[in-house]
Amino acid sequence: MNTNAIPPNQIILTGDRPTGPLHLGHFVGSLQNRVVFQNLHTQFLMLADAQAFTDNMGDRDKVRRNVLEVALDYLAVGIDPAKSTIFIQSQLPELTELTFYYLNLVTVARLERNPTVKEEIRLRDFQRDIPAGFLAYPVSQAADITAFRATLVPVGADQAPMIEQSNEIVRKFNANVGQDILVEAAPVIPAMGRLPGIDGKAKMSKSLGNALALSASADEVSKAVKMMYTDPNHLRVDDPGQVEGNVVFTYLDAFEPDIAFVDDLKAKYRRGGLGDMVIKRHLEQRLQALLAPIRERRAEFAGDPAEVMRMLAQGTDKARAVAARTLSDVKGALGLNYF
């Protein structure tokens with residue numbers, strides 16, 4: 001579902017693994033939409049620390065440390081805890097119990113066929129040494145989604161198979177108990193898609209070292225833009241340049257709201273007579289204007305980490321109450337309400 005076609009008053013679940021500060025790719029792919037969604041829908045934002053353990057068990061402090069960092073990024077971009085329920089996944093044991101029940105509704109073979117899981121296994125070179133928690137992540141995600149009876153889940157296109165697997169579990173559970181206890185969700189795919197890394201790689205990623213953090217300093221922004229790849233065949237200003245695959249123009253498409261201005265730059269670049277430094281200067285100005293207020297708000301919130309953690313505790317309590325109601329319904333449908 002496109003973000004422009006979303007009917008009002010939906011229940012949205014989304015979130016991030018706290019393995020490092022968020023970056024421009026997160027902003028384009030989800031954060032800016034979350035700021036809009038919180039005024040139109042009921043939105044739950046999950047800090048997925050438990051899920052991050054599936055491939056970070058050896059560096060647990062990184063996960064714990066980045067819970068606060070990601071929360072600061074949320075607040076800095078304008079997510080309001082009075083409008084969006086921000087919670088910490090590991091503090092909701094109801095999610096773990098739902099996962100336990102759902103594991104009986106899916107086979108290992110089905111999990112291994114999940115295209116997203118297959119690709120992640122390939123990228124991490126697990127071979128057959130796959131952590132069971134990692135393989136079962138789609139089931140855990142189904143628990144997260146259904147616990148809040150989410151109707152929409154914003155994801156990248158590569159994550160859509162995870163939503164379909166969650167819906168399979170919903171259908172199997174409802175058929176098994178003969179009641180419509182759980183709710184199916186639809187994926188919301190951002191129009192922009194993935195933002196490439198500053199090195200031109202397919203995606204911006206903390207692990208690949210090609211990301212520009214939302215908390216980046218002005219000097220770091222300037223350095224990153226200077227490093228960006230353009231057209232390797234555009235050697236002289238007068239040479240015609242290629243726009244397709246040119247990272248600087250991809251970023252201008254993502255961050256410059258004046259579409260006519262960008263189209264004019266593209267036409268001049270294709271004809272020849274427009275230097276790379278000119279388009280990079282325009283991009284840097286746009287990124288500096290975007291990130292400066294985010295950086296300032298982040299520093300302000302970071303000055304009182306205890307208050308941020310108090311906010312997270314409140315959101316977690318609210319989220320747990322919702323998840324507990326769903327778990328009670330699930331256990332009742334399974335006949336596990338003995339007392």
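1. H26 counts as buried because its relative accessibility is 17%; buried means under 20% relative accessible area, exposed over 50% and partly exposed in between, with a 1.4 Å probe and protein chains only. H26 sits in helix α1, residues 24-37; helices (H or I, at least four residues) are DSSP runs numbered from the N terminus. Leaving aside residues up to four places away in sequence, H26 touches D16, L31 and K206, where contact means heavy atoms within 4.5 Å.

2. The model is predicted: local features need pLDDT of at least 70 and side-chain atom pairs count only at pLDDT 80 or more, while totals for chains, interfaces and linings use all residues. Residues are numbered from 1 along each chain as its sequence is written, and side-chain values use heavy atoms, with hydrogens and water left out.

3. Eight aromatic pairs are found in a search of the whole structure. Rings of Phe, Tyr and Trp (its six-membered ring) pair if their centres lie within 6.5 Å; planes under 30 degrees apart count as stacked, over 60 as edge-to-face and the rest as tilted.

4. One of these pairs is F249 with Y269, edge-to-face at 5.2 Å centre to centre and 65° between the planes. F249 belongs to helix α11 (residues 247-255) and Y269 to helix α12 (residues 259-271), so the pair ties together parts 20 residues apart in sequence. F249 is buried at 0% relative accessibility, and Y269 is buried at 0%.

5. Y251 and F255 form a tilted pair, 6.1 Å centre to centre with 50° between the planes. Both lie in helix α11, four residues apart, about one turn of the helix. Y251 is buried at 0% relative accessibility; F255 is buried at 9% relative accessible area.

6. F44, F87 and F148 make up one aromatic cluster.

Methods: Helix = DSSP H or I, 4+ residues; strand = E, 2+ residues; numbered from the N terminus.
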